[in-house]
Number of protein chains: 2
Amino acid sequence: MDQKEKKISKAIIQRLPRYYRYLGELMSIGVDRISSGDFSKLMGVTASQIRQDLNNFGGFGQQGYGYNVGNLYEEIGKILGIDRVHNIIVIGAGNFGKALAGYSDFEKRGFRIKALFDQDSEKVGKVYSGIETLPMERLKDYIKENNIEIAALTVPKDAAIELAVILKDTGIKGIWNFAHTDLEVPDSIVVENVHLSESIMRLSYNMKSRSEEA
Amino acid sequence: MDQKEKKISKAIIQRLPRYYRYLGELMSIGVDRISSGDFSKLMGVTASQIRQDLNNFGGFGQQGYGYNVGNLYEEIGKILGIDRVHNIIVIGAGNFGKALAGYSDFEKRGFRIKALFDQDSEKVGKVYSGIETLPMERLKDYIKENNIEIAALTVPKDAAIELAVILKDTGIKGIWNFAHTDLEVPDSIVVENVHLSESIMRLSYNMKSRSEEA
């Protein structure tokens, strides 16, 4: 990859998965080519914004042709790093953990949940959506033996902070953090936060602003 | 509110709930005052960025004093519209719905989940974390009779699209959308999306970029 890629803005990384989703939907209904104007309308983003975004990665449209849906889908998949399988574990076999285990959309995108982990001996051994719950004692070995790249943390805040320390030396590359806290990790680990409390506060803020405008 | 508030950028609205969370944590350990430098270090955001953000709403720090933690917490709460109770329903009593029902953090912030709804007659009548599951036939009346402002949708994509149409005329002010699709709603309704597939693709992208930098 060239230098350019390193400067890709956060906003583009917000938009790429959405492009990918819409392209997947177009494919599923048999659309194999779309004009840049139609794609722009569908996405609710200007055609020039789309062009600019894609130009960061080399550009994919052809003047007078538009976009080849399958091609673009595949290329964006490569950019996102989802052109191969990522092995995942979910730590915390509560409702959120079970929900992730049962979410077939992830598997479709190459994210394969291999095991759940929980410290509760009542839960250990239980199978949710075909995925077994293992004891925490097996965590480190399991990660190494099964080439696990991502750990999803669906545990309380304090447990997540402890786990971030434990995961440091396991070779884990990414933490998908559902706990309501920020995590300190070495540079070799990427954290993606899903902070639901912050999400609902944004909703509340936007509802308040909307009603004041009206 | 003055004109200024209308131009508040999306980035600030991303940061405010995080300020709020940290201020809450400071309060819980008995810190009632913090210098702007210490607050900046804690947040990992420059002091001038924090000042700028807060200035959008009138500004709250005092030269040479820093921030009064309780005050700022309360003021940001007001800005976010969480200085009062919001009644919520969750549509879809699957694992995600049950997880939301059991998430006590929301209640603490004034988001009160009043009921679950599901079309599956097996689930109707079941109580999860103290919250009853009601049949879809009662949805519209329940919203009106119980002053429900927010509907969380933890249902498949097609059901979410149908629900967005049904919710249009119920007086609902906000949709918290967990379905893997964008929703079309009238201006009177705000949608906050939690698109987990997009979140994990961002994680994948960032892992890929990080490994290429190394």
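Student: Which strands do the buried residues of α9(B) pack against?
Tutor: This is a predicted model, so a word on rules: local features need pLDDT of at least 70, side-chain atom pairs count only at pLDDT 80 or more, and totals for chains, interfaces and linings use all residues. Residues are numbered from 1 along each chain as its sequence is written, while chains are lettered from A and ligands numbered from 1 in the order in which they are written. Contact means C-beta atoms, placed from the backbone, within 7 Å. The buried residues of α9(B) pack against β3 (86–91), β7 (150–153) and β8 (174–177) of chain B.

Student: Which residues of helix α9 of chain B are buried?
Tutor: Helices (H or I, at least four residues) and strands (E, at least two) are DSSP runs, numbered from the N terminus. Buried means 20 or more other C-beta atoms within 10 Å of the residue's own, exposed means 12 or fewer, and partly exposed lies in between, with C-beta atoms placed from the backbone. In α9 (157–167), the buried residues are B:Ala160, B:Leu163, B:Ala164 and B:Leu167.

Student: What is the strand order of the open sheet in chain B?
Tutor: Two strands pair if DSSP finds at least two bridges between them. β7(B) and β8(B) run parallel, joined by four bridges, and B:Ala152 has B:Trp176 in β8(B) as its bridge partner. The edge strands, each pairing on one side only, are β5 and β9 (190–193) of chain B. With seven strands and mixed pairing, the order is β5-β6-β4-β3-β7-β8-β9.

Student: Which residue takes a positive phi in the hairpin of β5(B) and β6(B)?
Tutor: β5 (127–128) and β6(B) pair in the antiparallel sense over two bridges. B:Tyr128 has B:Ile131 as its bridge partner. The hairpin has two residues between the strands, and the one with a positive phi, near 50 degrees, is B:Ser129.

Student: Which residue stands opposite B:Asp118 in β6(B)?
Tutor: β4 (111–118) and β6 (131–135) of chain B run parallel, joined by three bridges. Opposite B:Asp118 stands B:Pro135.

Student: Which element gives the most to the side of chain A that touches chain B?
Tutor: 45 residues of chain A are in contact with 45 residues of chain B. Elements supplying at least two residues each on the chain A side include α2 (10–28), α6 (95–101) and β9 (190–193). The most, 16 residues, comes from α10(A).

Student: Which residue of chain A comes closest to the rotation axis?
Tutor: Superposing by least squares on C-alpha atoms of residues with pLDDT of at least 70 in both copies, chain A can be laid on chain B with an RMSD of 0.0 Å by a turn of 180 degrees and a shift of 0.0 Å along the axis. The two copies are thus related as by a two-fold rotation axis. At 2.7 Å (C-alpha), the residue that comes closest is A:Asn95.

Student: How far apart do the C-alpha centres of the domains of chain A lie?
Tutor: Bounds come from an automatic or database domain assignment. Domain 1 is 3–79 and domain 2 is 86–198. Their C-alpha centres lie apart by 31 Å.

Terms used
Two residues are in contact if their C-beta atoms, placed from the backbone, lie within 7 Å.
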